[in-house]
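We will go stop by stop.

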Amino acid sequence: MSDKVLLKGTEACAMGAILAGCRHYFGYPITPQTEIPEYFAKYMPEAGGVFLQAESEIAAISMVYGAAATGRRTMTSSSGPGLSLKQETISTLSAAELPCLIVNVARGGPGLGCIQGAQSDYFQSVKGGGHGDYRLLTLAPNSVQEMMDLSILGFELADKYRNPVLILSDGVIGQMMEPVGIPEAVTFFPEKPWAATGAKGRGKNLINSLYLDAARCEEHNRHLQAKFARIAESELRYEEFDTEDAELVLVAYGISSRIALSVKNRARAEGLKVGLLRPITLWPFPSEALRKLADRVKGLLVVEQSAGQMVEDVRLAVCGRAPVAFHGRPGGVMIQMDDVQAKVRELLAGEA
Amino acid sequence: MMHEMIFAGFGGQGIMLMGQLLAQAGLEEGRHVSWIPSYGPEMRGGAANCSVVISDEVIGAPVVQKPQLALAMNLQSKERFEDMVAPGGRFIINGSLVPDPPRRSDIRNYVLPLSDLAVDELKSAKVLNMIALGAVFEATGAVSEESIHKAMDFMFGKKLARRPDLAALNRKAFQAGREALNKAARA
């Protein structure tokens, strides 16, 4: 018997949250993430926590604001359309420096789109779907194991920086089952002297995002930006595969990175020098690593389940040092490996 | 070695569970496995399919695009997946519900009376997926028989311990599927 268990991505994410000490979940159903609230509805009572199906997505994220303000580990989850509704409060959570985990099991958009997995919520995730100068530390799992591991890491990073952390997953990673090794439950939780826990015997703690005096608002912005700079410096995560001698480097995250990895392996088997860079954090973004690769490769090929979003950040990072091609498919239809493989051959033939 | 499979049929035929059972059997052997459902606004009687990969290497795309084995439990599934089967691959068709003959000669087709076996011989429509699993097992050899039994124990052990009659019926159905496949292979 293996020590791993077969879990769906959504279940692994929820289980990871409970292991990370999350005891307050607020959400509203939407496919393809509904197994997350379903899991909490079943297991949160056993863990002594709160599962609440709110009256709307907006109510759910507002409840997260309240629970986070008291210093508790808390989360919500949804899919594209629901995330759009939550954006105002996500901006406010970041401004008020409240830690929480937000999960987007993305589906095909725009609008109500379809319920199949897609990656067209990249802009919303990393460019500030809400208003104002704020950033979300954005984690992009590409396996069921990472749905669990990054859920646990997400709570840790949220507390460390007092900022919301977003998991940008998709319907494929959310719905698939894979073997998962289940880690030990988290036992260390940081002190939160800032939390609104009752001011008896101490000064009051104010959780707020409103600064009517513009100079104070600017000061608060500078404080936030200094924090985002620390995150950018310390929390960048990515993986490289076979990039050392690569002539063409694929760049892909989440579900696309698995397709890209298979394509890279096939190309290597054909003797083509192809590598892969896979961002694990989408913000911060591995711009420096891409820049270095661009200086020595013939080109890059970005693969996304969208009409092309991350490709803009790759082009910004590379800044003309190497050509950046794109292969994508919007609307929830899976990218075909054969198509990417054909593009790889074409690019290498064209540049040889 | 990588086994990429698609199982398709009506919702309610037990296709999803059968795929999970096979994935669990692969996990019992410590292999890389993945299972992913087609998920749409599905309902009993609607179309359902799942992709299962059992591999000795890390699995890339979990949604199988060129299966080495496909199982079509109804006509709709045959029409949808017949062209996708990799050349040289295997295609198991539930002949009880699919009147159309196989079209491709570059794959190995097995037309098996799976639903008839369930209803007429085993007197239980519910064991259809276990019969299909037996046929798939015999056609692929993706996992050992022991692992299938371990997976069944893991997934249904508690229920089957209370219902030894069902455990016996499942085993019988699994064997019936294997025999049907072998018979078709010899023919």
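Predicted model: local features only at pLDDT ≥ 70, side-chain atom pairs only at ≥ 80, totals over all residues.

## Stop one: where the chains meet

Now select the contact residues. On chain B there are 21, and they are in contact with 27 residues of chain A.

Next, look for charge pairs across the interface. How many salt bridges are counted between chain B and chain A? The count is one. To find it, select K66(B) and D338(A). Show their side chains: the closest N and O atoms of this salt bridge are 3.2 Å apart.

Which elements of chain B each supply at least two residues of the side that touches chain A? Select α1 (15-28) and β2 (32-37) of chain B. Then color the touching side of chain B by class. You will get 13 nonpolar, six polar and two charged residues.

Polar contacts come next. Six residue pairs across the interface are in polar contact, with both residues at pLDDT 80 or more.

Some background first: most peptide bonds are trans.

Select G109(A) and P110(A). The peptide bond from G109(A) to P110(A) is cis, with omega near -5°. Where is P110(A)? Look in the loop between β5 (100-106) and α5 (122-126) of chain A.

Move on to W283(A) and P284(A). The bond that joins W283(A) to P284(A) is cis too, and its omega is near 0°. P284(A) sits in the loop between β12 (281-283) and α10 (287-294) of chain A.

Another piece of background: most residues other than glycine have a negative phi.

Select D242(A). This residue is not a glycine, yet its phi is positive, about 55°. Find D242(A) in the loop between β9 (238-241) and β10 (248-251) of chain A.

Now jump to chain B and select K123(B). Phi of K123(B) is positive as well, near 55°, and this residue is not a glycine either. Its place is the loop between α3 (114-121) and α4 (128-140) of chain B. Is K123(B) buried or exposed? K123(B) has 67% relative accessibility, so this residue counts as exposed.

Key
Residues numbered from 1 in each chain as written. Chains lettered and ligands numbered in written order. Heavy atoms only, no water. Contact = heavy atoms within 4.5 Å. Salt bridge = Lys/Arg side-chain N within 4 Å of Asp/Glu carboxyl O. Polar contact = N/O pair within 3.5 Å; in protein donor to acceptor, adjacent residues only side chain to side chain. Helix = DSSP H or I, 4+ residues; strand = E, 2+ residues; numbered from the N terminus. Nonpolar A, V, L, I, M, F, W, Y, C, P; charged D, E, K, R; others polar. Buried < 20%, exposed > 50% of the residue type's maximum accessible area, 1.4 Å probe, protein only.
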